[in-house]
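Here are a few notes to read with the model open beside you. Take them one at a time and find each spot as you go.

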Amino acid sequence: NASQIAASVASAVASSASAAAAAASSSAAAAAGASSAAGAASSSSTTTTTSTSSSAAAAAAAAAAASASGASSASAAASASAAASAFSSALISDLLGIGVFGNTFGSIGSASAASSIASAAAQAALSGLGLSYLASAGASAVASAVAGVGVGAGAYAYAYAIANAFASILANTGLLSVSSAASVASSVASAIATSVSSSSAAAAASASAAAAASASAASSASASSSASAAAAAGASAAAGAASSASASAAASAFSSAFISALLGFSQFNSVFGSITSASLGLGIAANAVQSGLASLGLGAAASAAASAVANAGLNGSGAYAYATAIASAIGNALLGAGFLTAGNASQIAASVASAVASSASAAAAAASSSAAAAGASSAAGAASSSSTTTTTSTSSSAAAAAAAAAAASASGASSASAAASASAAASAFSSALIGDLLGIGVFGNTFGSIGSASAASSIASAAAQAALSGLGLSYLASAGASAVASAVAGVGVGAGAYAYAYAIANAFASILANTGLLSVSSAASVASSVASAIATSVSSSSAAAAASASAAAAASAGASAASSASASSSASAAAGAGAGAGAGASGASGAAGGSGGFGLSSGFGAGIGGLGGYPSGALGGLGIPSGLLSSGLLSPAANQRIASLIPLILSAISPNGVNFGVIGSNIASLASQISQSGGGIAASQAFTQALLELVAAFIQVLSSAQIGAVSSSSASAGATANAFAQSLSSAFAG
């Protein structure tokens with residue numbers, strides 16, 4: 001949750017600093033103005049009322065000017081903050097939509113390599129903006145920000161660091177405003193993508209050259225002709241590998257830049273975001289491909305590429321799916337023609353995207369016009385069949401037709417305006433929701449490592465239902481959940497959290513389009529509400545899955561233990577199991593009757609009361625086995641789990657109290673991890689180990705906390721205990 005917390009705190013800090021600076025400026029200006037006015041009044045005072053009034057007026061004018069200056073300063077600071085925030089959000093989104101960026105920073109192996117690539121990219125981007133004088137210092141700042149990101153943190157963390165560094169660099173250049181933020185971000189992202197692609201290609205070529213050199217050296221060491229032939233073959237293979245890597249890098253760079261550019265055209269999103277017929281959509285896409293390639297003088301390849309799109313089918317729905325299909329067809333055509341290199345991919349992508357977007361828009365307009373003409377023709381036929389022979393009737397019909405035409409024109413203009421507004425609102429909502437979801441740890445963890453399409457669809461469906469119900473749209477919950485599940489099912493397993501966030505955001509934008517909830521001004525707040533509901537639901541689903549896996553593992557371990565128990569240990573196991581089963585049954589009864597038991601599932605309930613399954617040798621008569629401490633709580637694996645619990649505990653604590661649901665679900669997940677990694681460990685031992693690790697994490701949090709007033713009343717303690725018990729009951733419900 002570090003990025004999410006950082007963004008929230010940064011916003012508050014920036015607002016506070018801006019307000020404080022404005023107040024200081026206003027105070028200083030007012031004091032200086034008032035002092036100056038007072039001095040002037042004192043030195044030039046007379047005994048007349050007129051002179052006194054003049055001095056007072058001067059002082060008032062000075063104070064008013066100071067106040068106006070302070071207000072202007074505060075307004076400018078707020079505007080700059082809003083522009084920086086808009087730029088950062090847009091740049092993060094743009095970078096994560098570029099394949100080569102995600103591939104490079106998602107798998108980079110060292111901080112120095114990441115810093116080096118980011119530094120070169122920053123230098124290229126700043127030079128591209130005409131800010132060469134800032135290139136060196138800016139590159140160092142970006143490299144420093146990237147170096148602070150832990151290796152393996154993922155593409156989002158690197159995008160976040162780069163975006164915020166760039167926002168600081170550009171703050172005083174005059175380039176950034178709320179209206180220009182998106183276009184500047186797009187330019188920066190494009191330059192970064194090109195540079196990163198070149199760096200990656202260079203690294204691949206260097207590796208290939210090294211391999212070739214190594215093969216050549218080995219060849220030289222051997223004097224035989226067969227060795228020379230082998231070396232030549234190795235060099236040829238290395239050259240082929242380098243060529244293949246270069247082509248792959250070029251194709252990836254083109255595809256990413258092209259899709260990003262296409263989705264930046266509102267007319268493209270409008271056409272393919274609302275199209276209802278796949279055959280019509282693919283027909284328009286094929287025509288657009290032909291126009292795009294023709295714009296590069298590749299008419300010969302255009303026909304084959306257009307046919308490829310028309311017959312390809314779609315992986316998903318909406319503008320992104322069409323953009324992907326078009327990018328694939330054009331990219332393959334350009335590679336075949338020898339047009340593409342990693343160096344020119346972004347430039348060609350921007351040029352072709354413009355032609356494709358214009359063609360798609362024109363084709364859609366033509367299709368719409370054709371449909372309207374057909375409707376008009378049908379209406380004219382009907383009018384002809386019912387015409388009368390009177391002049392009055394004819395005049396009346398003509399007037400009615402003119403009025404209808406005028407009304408249709410006005411309606412069309414209004415409809416176009418409404419459609420543009422709706423499209424802008426949907427786009428703002430989708431972008432905000434993607435950013436919010438990627439900033440939520442549990443979403444990234446779940447969808448970043450999910451193992452099957454059915455599991456992803458199931459979790460997304462439940463989350464959509466919860467989010468729509470939370471918005472007061474229960475009547476849409478069932479259909480909406482199906483739509484979201486369908487969109488998520490179209491994302492390939494292993495595609496990563498961004499792809500799932502994109503699919504979910506666009507599905508939600510379509511669902512909410514006609515509810516009246518979305519507008520450009522409300523998009524961010526609605527997205528925040530949806531993201532919060534999705535996070536809660538995904539967390540619950542993940543916890544339930546972990547608990548289910550844990551219960552299954554415990555049942556398996558129990559069955560194995562029962563089948564292999566010796567006669568001598570049977571009596572001891574029976575006694576422990578009896579005591580534990582009694583406690584488990586009591587807990588289940590308590591949960592059912594609402595009297596404080598937490599009704600754990602049979603796997604975890606059995607044996608908790610008597611700590612059944614532990615080895616003998618309890619410390620101090622307290623029933624804590626020595627092995628639990630030496631090989632459990634003090635083990636390196638436990639230390640890692642305890643460290644990972646700390647941020648989760650912090651996220652569960654707020655001014656409004658503790659979110660016990662998060663605590664309970666994490667105990668369930670922890671117990672599952674311990675059970676699965678413990679080599680047949682008893683369920684009760686895994687549960688107790690999880691509790692002890694949670695206690696250790698809480699102690700660590702408390703050791704660094706500033707404790708305020710704490711209630712020590714039994715009623716307050718009872719309420720906390722009851723809430724904790726309920727969270728355990730929910731987390732371990734069988």
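1. Thr 688 has a relative accessible area of 16%, so it counts as buried, the cut-off being under 20%. Keep in mind that this is a predicted model.

2. Where does Thr 688 sit? You'll find Thr 688 in helix H25, which covers residues 683–703. A polar atom of the Thr 688 side chain lies 3.0 Å from the backbone oxygen of Ser 684.

3. Is Val 695 buried or partly exposed? Its relative accessibility is 44%, so Val 695 counts as partly exposed. Now look for Ile 642: Val 695 and Ile 642 are 53 residues apart in sequence, and their C-alpha atoms are 9.0 Å apart in space.

4. Next up is helix H26, residues 714–731. H26 has 18 residues and reaches 25 Å from first C-alpha to last, close to the expected 26 Å. Its buried residues are Ala 725, Ser 727, Leu 728, Ser 729 and Ala 731.

5. Now for a pair of helices, H15 (residues 441–448) and H18 (residues 497–512). Their axes come within 8 Å and cross at roughly 110°. H15 and H18 are therefore roughly perpendicular to each other, since 65 to 115 degrees counts that way.

6. Which residues meet there? From H15 come Phe 443, Gly 444, Phe 447 and Gly 448, and they meet Ala 497, Tyr 500, Ala 501 and Ile 504 of H18. Sort the residues of this contact and you get six nonpolar, two polar and no charged.

Key. Residues numbered from 1 in each chain as written. Predicted model: local features only at pLDDT ≥ 70, side-chain atom pairs only at ≥ 80, totals over all residues. Heavy atoms only, no water. Axes fitted to C-alpha atoms, helices over the stretch in contact; angles between N-to-C directions. Helix = DSSP H or I, 4+ residues; strand = E, 2+ residues; numbered from the N terminus. Parallel < 35°, antiparallel > 145°, perpendicular 65-115°, else oblique. Contact = heavy atoms within 4.5 Å. Nonpolar A, V, L, I, M, F, W, Y, C, P; charged D, E, K, R; others polar. Expected span 1.5 Å × (residues − 1). Buried < 20%, exposed > 50% of the residue type's maximum accessible area, 1.4 Å probe, protein only. Polar contact = N/O pair within 3.5 Å; in protein donor to acceptor, adjacent residues only side chain to side chain.
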